[in-house]
Structure formats: structure tokens, C-alpha cells
Amino acid sequence: MSLLKVQNLGITFGGLKAVDNLSLEIEKNELYGLIGPNGAGKTTVFNMLTGVYKPTTGEFFLNGENLTGKSSIEINRKGIARTFQNIRLFGKMTVADNVMVGLYNQMHYNLVDGLLRSPKYFADEKEFSKRADELLAVFDLYDDRDTLASNLPYGKQRKLEIARALATSPKLLLLDEPAAGMNPNETAELMKTIRFVREKFDMTILLIEHDMKLVMGICERVTVLNFGTELAAGKTSVALNNPQVIKAYLGDD
């Protein structure tokens with residue numbers, strides 16, 4: 001059974017079909033690319049898979065469970081986490097506190113425990129702090145744990161955003177243009193980080209990216225979107241050499 005199964009997914013905004021009849025399956029531990037020109041509908045797909053938008057048509061399943069139409073919080077708790085093209089950290093919070101935010105979807109204490117600072121509250125907070133430190137160490141961010149997130153260099157901010165997403169214990173990690181704004185050295189480091197995340201956390205990753213060198217370097221398979229519809233799908237090297245895909249990216253000669 002595929003980890004993620006998308007069947008005939010689509011969404012319409014005021015009569016405009018932003019995504020139409022998209023189907024794909026991603027296997028556990030696969031690194032899959034969702035690519036296409038600007039405006040192809042890629043981020044709209046992510047928004048449907050994370051509950052930001054409710055699909056107009058179709059369904060999607062995680063480990064066989066239908067998550068279509070559920071809220072963002074429900075979907076995250078079921079095992080889908082994401083990052084964003086424009087990094088969305090809590091800039092005025094420390095690096096450690098940003099990761100702690102990701103852990104709070106697993107808290108066991110209730111509002112009363114929090115207000116009264118009960119033993120259950122302190123036990124959970126201690127455990128969360130320990131787990132946050134472990135994640136930060138994995139991403140070489142432990143020495144920055146008390147630094148404000150906004151003061152980190154760009155490459156480290158991207159690592160922190162991935163670490164925060166992983167703190168929610170996802171089964172599927174969605175990365176929305178992680179290389180956006182990066183120089184070649186930062187992109188090369190990011191590729192190592194993505195491979196590391198898959199191996200270390202046994203993670204399945206769905207990636208939106210415009211950097212074709214990165215896509216070719218890490219994605220086994222891709223789906224190419226254009227104007228909200230599938231243009232090509234399959235092994236990365238084959239899909240990217242499809243004449244229709246080349247035309248969509250480069251236009252007519």
C-alpha cells in the first residue's frame with residue numbers, strides 16, 4: 001500500500017480550475033518531486049494535502065486513511081507536515097522554542113495542568129525540551145538553541161524549519177521550494193540535509209522545487225504540472241526529457 005495516494009484531486013476558485021484531476025502515489029521512504037512552471041498549481045496541491053484548502057473534487061489517503069477535508073491540525077496529527085517557500089519561523093522566539101512549538105501537538109497535559117503548573121505539565125515540558133535538544137543536535141543547531149530564529153543565517157533558518165516540521169513526528173514531509181533564495185553552496189548543503197532526513201528519520205518526502213539540478217540529484221520520480229493538470233509523470237530523468245515538459249519550461253522556440 002502506498003504511503004500517500006491522491007485520486008482525481010482538484011480545486012476550483014471562482015470557476016477557475018487551479019488543479020484538475022491530479023492522481024499520484026508515493027511509496028514509503030520515497031523522495032518524490034512535484035514540479036512545473038510558475039502558476040502550475042504545485043503549492044495549491046500542498047495546501048489541499050495540509051488542509052489549508054478543501055478539494056472541490058477527489059480524495060487523498062495517508063496509509064490508507066482518507067484525510068480529505070480534514071483540518072490542518074487533524075492532518076498534521078495524522079502525519080503530514082510541511083515547510084514553506086518563504087520561511088515561516090517565529091523570529092522573536094529562540095531556536096529551541098521554535099522546535100518546542102512543533103512538539104506541542106503531542107502534549108499530554110491539559111489547559112488546567114498548564115495554568116496550575118502541575119507535575120504532568122513539568123514532566124511534559126522536560127521531555128519536550130530534551131527532544132527539542134536532540135533534534136537541534138541532529139541538525140547541528142544545538143549551539144544556537146538560545147539564539148533568536150531571526151538572527152540565524154538563511155541556510156540555518158531552513159534547517160530549523162525542517163527540524164520544527166519533524167518535531168511533529170510526521171510520516172510524510174512536504175518541502176515547498178526549500179532551495180528558494182539559496183546560493184549554490186547552500187543548495188548543495190540542502191541536498192545533503194534532505195538525503196540525511198530521509199535516511200535518519202526513515203522519512204517519505206514530497207518536494208516542490210524549481211532548481212532542476214537539485215530535483216535530478218535527489219528525486220527518484222516526479223509529477224510535472226502545467227496549468228493545474230499533469231503534463232508528465234514517472235522516473236525523473238525520463239519525465240524531464242519529455243518534449244512537452246521542455247516546452248512548458250522553455251516555451252516555443
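1. Basis. Because the model is predicted, local features are reported at pLDDT of at least 70 and side-chain atom pairs at pLDDT 80 or more, while totals for chains, interfaces and linings use all residues. Residues are numbered from 1 along each chain as its sequence is written, and side-chain values use heavy atoms, with hydrogens and water left out.

2. Overall make-up. The chain has 10 helices and 10 strands, taken as DSSP runs (H or I of at least four residues for helices, E of at least two for strands) and numbered from the N terminus. Of its 253 residues, 49% are buried, where buried means under 20% relative accessible area, exposed over 50% and partly exposed in between, with a 1.4 Å probe and protein chains only. The accessible surface comes to about 12400 Å², and carbon and sulfur atoms account for 52% of that area; the areas come from the Shrake-Rupley method with a 1.4 Å probe, and for residues only the protein chains shown count as cover. Among contacts (heavy atoms within 4.5 Å) between residues at least 6 apart in sequence, 67% join residues at least 24 apart.

3. Cores. The largest nonpolar core holds 45 residues, and L160 and L173 have the most contacts inside it; such a core is a set of buried Ala, Val, Leu, Ile, Met, Phe, Trp, Tyr and Cys residues joined through side-chain atoms within 4.5 Å. Not counting residues up to four places away in sequence, L160 touches L89, V95, N98, V99, L136, L141, A149 and L152. Apart from this core lies another, of 27 residues, including L22, A40, L206 and L225.

4. Helices α3 and α6. The axes of α3 and α6 (residues 154-166) are 7 Å apart and pack at an angle of about 30°, the axes being lines fitted to C-alpha atoms over the stretch in contact, with angles from 0 to 180 degrees between N-to-C directions. That makes α3 roughly parallel to α6, since angles under 35 degrees count as roughly parallel, over 145 as roughly antiparallel, 65 to 115 as roughly perpendicular and the rest as oblique. The contact is made by V95, N98, V99 and G102 of α3 with L160, A163 and R164 of α6.

5. Helices α6 and α7. The axes of α6 and α7 (residues 184-201) come within 11 Å and cross at roughly 20°, which makes α6 roughly parallel to α7. Here Y154, G155, R158, K159, I162 and L166 in α6 meet E186, E189, L190, T193, V197 and F201 in α7.

6. G91, in the loop between β6 (80-82) and α3 (95-103), is partly exposed at a relative accessible area of 22%. Leaving aside neighbours within four places in sequence, G91 is in contact with L148, A149 and S150.

7. Positive phi. N63, in the loop between β4 (57-62) and β5 (65-66), has a positive phi of about 55° although it is not a glycine, and N63 counts as partly exposed at 38% relative accessibility. F227, in the loop between β9 (221-226) and β10 (229-235), is likewise not a glycine and has a positive phi of about 50°; F227 is exposed, with a relative accessible area of 68%.
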